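Here's a quick briefing to read with the sequence and the structure open side by side. Grab your viewer and follow along.

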Amino acid sequence: MASVSRVARLGLFVFLALLIFGAGIFWIGSKRFLFTSTYALSADFDNVAGLNNGAEVHVGGLNQGTVKHIDLPRTPDQKVRVVMDLKIATGGVIKKDSVAAIKSEGMIGDKFVEISFGSKDAPKVRNGDTIQSQPPIQISDLLQKTDGILDSAKDTMQSVGDTADNLESITSKINHGNGTVGSLINNKTMYQHVNQAATSFEEDAEALKHNFLLRGFFKKRGYEDTQELAKHAISQLPSGPVNRKFAFDGSKLFDKPDSAKLKNEHALNKAGEFLENNSFGLAVVSASTDMKGDTDKDRVLTEARAMVIRGYLVDNFKFDDNLLKTIGMGKSAEVKEGSAIDILIYPPRAR
């Protein structure tokens, strides 16, 4: 009986060990999607910022895949390739214009890959395709920028102390009527004329900021000077032939009909990649609207949209930004409905 009891205990132990082993295999397989149909996608990065094999791949905030392997480039001019396995079900939302970004859980948590939804009309991805990528944010870079800000703040406080001493001397001279400002304050007639002009200017500026278009533009974009709209503008399009043209529907690029805030900036990436990888003489961001609405407001709207698109291209792609200009066409009979954005690229001799 004792011998039978020992055999039974041994059998039970073996059974439990196999059960735990099988559960472990099932758990690991489910984490790695070994029992789910998947397809492969790749993305190229300059730096993977500590991403490891087996890291999660998120789509819409949900874990939908894993990093299969990470390949170092063979030459310095190439990038690090991240190969991912994703569930077949994600093929409905991941498109050719989706973007992969490396992120982390909190400030120092595990790294994972986040893939954005593609646009509705973009082509579907296929097994083995490579999608666009976004450079990861490095904590070391943020700390370096923070150090720079603190140094600047320290210098500013020192300057404030010196300025306070100078203000005391200037105030004394103004109180005694010395200098132009002292005369202005002590001469009541001159003061009234200047005050009236300043009040009129302030009212005009406030009216401009409360314009239905620029109200949101000033608040959300932070452009306090309307001269920014014409900083890189040209008065008319070049007369030479266009080498390449990228056309966009304004309603798909911007969040509202009267707004210059981008909602689908990734749609501009093909134009940015062309500028980055090809030589050209001049490129112009041209924005226009249909014949409806107020002429002046539509002119300002198209100038603002052209400027915002130029800013996105300059910030995200490497090329000579002096060659990228803007033009706000305002109303155009060529636009049948809504608004249009054209990025016109001229050959080198077009300059």
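Let's start with a serine: the side chain of S259 reaches the backbone nitrogen of K261 at 2.9 Å. Keep in mind that this is a predicted model.

**Around S259**

- To find S259, look in the loop between α6 (250-253) and α7 (269-277).
- Besides reaching K261, the S259 side chain makes a polar contact of 2.9 Å with the side chain of D255.
- Is S259 buried or exposed? S259 has 13% relative accessibility, and the cut-off for buried is under 20%, so S259 counts as buried.
- If you skip its neighbours within four places in sequence, S259 is in contact with F254, L301 and R305.

**Antiparallel pairings**

- Strand β2 (residues 56-59) pairs with strand β3 (residues 62-71) in the antiparallel sense, and four bridges hold the pairing.
- V59 has L62, in β3, as its bridge partner.
- The β2 and β3 hairpin has two residues between the strands, and G60 there takes a positive phi near 65°.
- β3 also runs antiparallel to strand β4 (residues 80-87), and six bridges join them.
- Which residue of β4 does V67 stand opposite? That's M84.

**Parallel pairings**

- Over at β7 (residues 129-134), strand β1 (residues 38-45) pairs in the parallel sense over three bridges.
- A43 has its bridge partner in β7, namely I131.
- Strand β5 (residues 99-104) is also joined to β7, again running parallel and with three bridges.
- For V99, the bridge partner in β7 is Q132.
- While you're looking at strands, remember that side chains in a regular strand alternate between the two faces of the sheet.

- L10, F13, V14 and L18 make a nonpolar surface patch of about 440 Å².
- Why does L18 count as exposed? Because its relative accessible area is 58%, and the cut-off for exposed is over 50%.

Conventions
Residues numbered from 1 in each chain as written. Predicted model: local features only at pLDDT ≥ 70, side-chain atom pairs only at ≥ 80, totals over all residues. Heavy atoms only, no water. Pairing = 2+ DSSP bridges. Patch = residues over 30% accessible without salt bridge, like charges linked within 9 Å, V, L, I, M, F, W, Y side chains within 5 Å. Areas by Shrake-Rupley, 256 points an atom, 1.4 Å probe, with all protein chains shown as cover. Salt bridge = Lys/Arg side-chain N within 4 Å of Asp/Glu carboxyl O. Buried < 20%, exposed > 50% of the residue type's maximum accessible area, 1.4 Å probe, protein only. Polar contact = N/O pair within 3.5 Å; in protein donor to acceptor, adjacent residues only side chain to side chain. Contact = heavy atoms within 4.5 Å.
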